[in-house]
Amino acid sequence: MVIGLIGSGKIGGTLAKLAVDAGHSVVLSNSRGPHTLSELVAELGPNARAATAAEAAAAGDIVVVTIPFGRYREVPVEPLDGKIVIDTNNYYFERDGHFPEIDAGETTDSEVLAAHLPGSRVVKAFNSINFAHLAEQGLPAGAENRRALPISGDDAEAKKVVTELTDSFGFDVVDAGPLAEGRRFQRDKPAYGPRLTAAELRDALARG
Ligand SMILES: NC(=O)c1ccc[n+]([C@@H]2O[C@H](COP(=O)([O-])OP(=O)(O)OC[C@H]3O[C@@H](n4cnc5c(N)ncnc54)[C@H](OP(=O)(O)O)[C@@H]3O)[C@@H](O)[C@H]2O)c1
């Protein structure tokens, strides 16, 4: 599978490494242009290349959007039509500026991205784990005390694909429900940050 990355920073770079290690190809992109990603491409090896964001979006069977949330309007729309889009973003008003509808609890960061990408099948995933933990805490399927990660989304088939990908990266998955339920594992919620097993994560999501 080809995984496109829009954003190749701490989380994007970590997911790219996990994807390459799991046997996929990756197409990386950032805001400054492919020439600024040569070091990361060299580290990742022959199954990685760098491109523009629009090219990464077009190339990916699955595309990860992993940028500062406040820049979501810069994400290319047309090449993502019909595709599964993994949204790792978190809303931090200190970094992103205030979004009054999110502050008021009327919507969530992922729903705002999904509204920008009306033809895409957006799944919120990997937003609640620190990038260093994502790199280090994966375990084989069935391992005792394996960490679980939450996802949310409105498309069952897209969630199945993201669940399988997450499993191949070393983590169980707990489906928190429709995309709007991503509010249960956003910043300051019990499911945001700690290392939890699937049973513990279900409990934390219920409390969130
Ligand atoms: N750090 C974590 O542990 C962590 C964990 C979970 C979720 N998250 C969330 O995931 C998102 C990414 O976090 P991060 O820590 O990986 O950020 P980061 O290290 O600052 O990387 C951000 C990446 O996005 C790129 N970017 C910015 N605007 C872009 C655009 N318009 N088009 C394409 N690429 C663009 C940046 O490229 P340039 O450098 O060229 O601008 C950079 O490669 C954030 O929303 C964050 O809150 C972070």
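**Fold and ligand site**

Analyst: Starting with the fold: the protein's secondary structure consists of nine helices and eight strands. Keep in mind that this is a predicted model.

User: What are the box dimensions for the C-alpha atoms?

Analyst: Roughly 45 × 40 × 30 Å, taken along the principal axes.

User: Ligand next. Where does the ligand sit among the pockets?

Analyst: The ligand takes up the space of the largest pocket.

User: Which residues come nearest to the ligand?

Analyst: I11, S31, R32, I67 and E74, out of the 24 residues around the ligand.

User: How does that shell split by class?

Analyst: Eleven residues are polar, eight are nonpolar and five are charged.

User: Now R32. How far is its side chain from a ligand oxygen?

Analyst: An N or O atom in the R32 side chain is 2.7 Å from an oxygen atom of the ligand.

User: What about T88 and N30?

Analyst: For the T88 side chain, an N or O atom is 3.1 Å from a ligand oxygen. For the N30 side chain, that distance is 3.4 Å.

User: How much of the ligand's area does the protein cover?

Analyst: 84% of the 900 Å² of accessible area that the ligand has on its own.

User: Switching to backbone. Which residues other than glycine have a positive phi?

Analyst: N145 is one, with phi near 60°. D188 is another, with phi near 75°.

User: Why flag those?

Analyst: Because most residues other than glycine have a negative phi.

Methods:
Residues numbered from 1 in each chain as written. Predicted model: local features only at pLDDT ≥ 70, side-chain atom pairs only at ≥ 80, totals over all residues. Heavy atoms only, no water. Near = heavy atom within 4 Å. Polar contact = N/O pair within 3.5 Å; in protein donor to acceptor, adjacent residues only side chain to side chain. Areas by Shrake-Rupley, 256 points an atom, 1.4 Å probe, with all protein chains shown as cover. 1 Å grid on protein atoms, 1.4 Å probe; cavity = no way out; pocket = protein on both sides within 12 Å on 5 of 7 lines; lining within 4 Å. Sits in = over half its atoms within 2 Å of the grid points. Nonpolar A, V, L, I, M, F, W, Y, C, P; charged D, E, K, R; others polar. Helix = DSSP H or I, 4+ residues; strand = E, 2+ residues; numbered from the N terminus.
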